[in-house]
Number of protein chains: 2
Amino acid sequence: MGRWEPDARGRLARVALELYAERGFEQTTVEDIAERAGVTERTFFRHFADKREVLFDGSAALQHGLVDAIASAPAGLAPIEVVSRAFAHVGSLLEERRAFAHRRAAVIAANPALQERELLKMASLATAATAALRARGVPPSDAALAAQAGVAVFSLAFELWVAGAPSDTLATIIDATFADLRSVTAGVAP
Amino acid sequence: MGRWEPDARGRLARVALELYAERGFEQTTVEDIAERAGVTERTFFRHFADKREVLFDGSAALQHGLVDAIASAPAGLAPIEVVSRAFAHVGSLLEERRAFAHRRAAVIAANPALQERELLKMASLATAATAALRARGVPPSDAALAAQAGVAVFSLAFELWVAGAPSDTLATIIDATFADLRSVTAGVAP
């Protein structure tokens, strides 16, 4: 492998996931990843702060995509509909990385510390979505409820997507799960 | 302070919260807590594994209360109504410890690591509620959505309770917030 590495970052991420799946996350070292990717450890650290960041470096982009979609939704939409469309948009972005997202989910499911990190990521997503709704003028409680409900729907839809048939897209499952949420919550006694 | 300590545990918890509020959680040592409570450090460790456990030793009781309330709800209730009543029940238990719960919330709000722990506790509550609903025969997706929605409502209601007037009980705020959730999610386009 020469010094010219047009996609060292992408290759490192792919190889890291392969190794996490084969050996477990804890048992894989940065040295292992760099070796299999045919680069130096120094190259790894030019792209990722540590081996956990390979799994979470997409979090910021996900959050930005969600917040931008909330901010740019048409005026006059109900807050939950703004959130629903924003998550469906984020879902369509994840669809392009389907193979990576599915492998990543399996690695995280096998490791409690990574699951905690994923939960904190989801909480941060809810906080960001709440702020983005409030910036649209949605009252604080409604903003928090719509955002939290959205994150709950997204998490469940993501699980169903990973477990489901390849023909079901994440955006479609997200839409269906928002509809389920409406049915479920309609059962609150008035 | 003699060797006879009828409520060393309660006194330790009260004193610990006072010190966390005065000095900050990180800056308080078990030695400080034991000294102010007039007991030895050994007595502290007979009651709590560490200083963080003072804040989280009620978590198991909260979860049991919630799960029992879900299990013993009348048959035929909608899942979200089961969850709503179960959280209102838990809310009435917390009302009895209002002063402690409010002080505790302030300590947690001031410390990011404690906030993370609190988020993980809420996630664990949602997992337990999902399992309890499934044990009642609720389908998996509906169980997960009702449980996650319930935890979102409970977290928000808890915040409103801590910030609000002393005349508003947590159970009342929980009921009102479940009603808000129904209104918010009714906005999902069919």
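Tutor: A definition comes first. A helix axis here is a line fitted to C-alpha atoms over the stretch in contact, and angles run from 0 to 180 degrees between N-to-C directions. Bear in mind that this is a predicted model.

Start with helix α1 of chain B, residues 8–23. Its partner is helix α7 of chain B, residues 98–109. The two axes come within 10 Å and cross at roughly 35 degrees. The crossing of α1(B) and α7(B) is left-handed. From α1(B), Leu17(B), Tyr20(B) and Ala21(B) take part. They meet Phe100(B), Arg103(B), Arg104(B), Ala106(B) and Val107(B) in α7(B). By class, this contact of α1(B) with α7(B) holds 6 nonpolar, no polar and 2 charged residues.

Now α1(B) by itself. Its end C-alpha atoms are 22 Å apart, which agrees with the 22 Å that 16 residues should span at 1.5 Å a residue. Buried in α1(B) are Leu12(B), Ala13(B), Val15(B), Ala16(B), Leu17(B), Leu19(B) and Tyr20(B). The cover over these buried residues includes α7 of chain B. It also includes α2 (30–37), α3 (41–47) and α4 (53–56) of chain B. After α1(B) comes Gly24(B), with a positive phi near 95 degrees.

Next, the contact between the chains. Chain B and chain A each put in 29 residues.

Helix α10(B) has 16 residues and reaches 22 Å from its first C-alpha to its last, close to the 22 Å expected at 1.5 Å a residue. Its buried residues include Leu170(B), Ala171(B), Ile173(B), Ile174(B), Phe178(B), Leu181(B) and Val184(B). Asp175(B), Thr177(B), Arg182(B) and Thr185(B) in α10(B) are buried too. The cover comes from both chains: it includes α6, α9 and α10 of chain A, together with α6 and α9 of chain B.

One residue of α6(B) deserves a stop. Ser92(B) lies in that helix. Ser92(B) counts as partly exposed because it has 15 C-beta neighbours inside 10 Å, and a buried residue needs 20 or more. The C-alpha atoms of Ser92(B) and Thr172(B) are 9.1 Å apart, although 80 residues separate the two along the chain.

Then the core. The largest nonpolar core has 82 residues. Those touching the most other members are Ile70(A), Val153(A) and Ile174(A), with Ile70(B), Ala149(B), Val153(B) and Ile174(B). Ile174(B) is also among the buried residues of α10(B). Leaving out residues up to four places away in sequence, Ile70(A) touches Val82(A), Val83(A), Ala86(A), Ala129(A), Ala132(A) and Leu133(A).

Last, chain A as a whole. Chain A has 10 helices and 0 strands. Its C-alpha trace spans about 65 × 30 × 30 Å along the principal axes. Of its 190 residues, 37% count as buried. Among chain A contacts between residues at least 6 apart in sequence, 59% join residues at least 24 apart.

Note on methods:
Residues are numbered from 1 along each chain as its sequence is written. Chains are lettered from A and ligands numbered from 1 in the order in which they are written. This is a predicted model: local features need pLDDT of at least 70, side-chain atom pairs count only at pLDDT 80 or more; totals for chains, interfaces and linings use all residues. A nonpolar core is a set of buried Ala, Val, Leu, Ile, Met, Phe, Trp, Tyr and Cys residues joined through C-beta atoms within 7 Å. A residue is buried if 20 or more other C-beta atoms lie within 10 Å of its own, exposed if 12 or fewer, and partly exposed in between; C-beta atoms are placed from the backbone. Two residues are in contact if their C-beta atoms, placed from the backbone, lie within 7 Å. Helices (H or I, at least four residues) and strands (E, at least two) are DSSP runs, numbered from the N terminus. A crossing is left-handed if the near helix is turned anticlockwise from the far one by less than a right angle, and right-handed if clockwise. Ala, Val, Leu, Ile, Met, Phe, Trp, Tyr, Cys and Pro count as nonpolar, Asp, Glu, Lys and Arg as charged, and the others, Gly among them, as polar. The expected span of a helix is 1.5 Å times one less than its number of residues.
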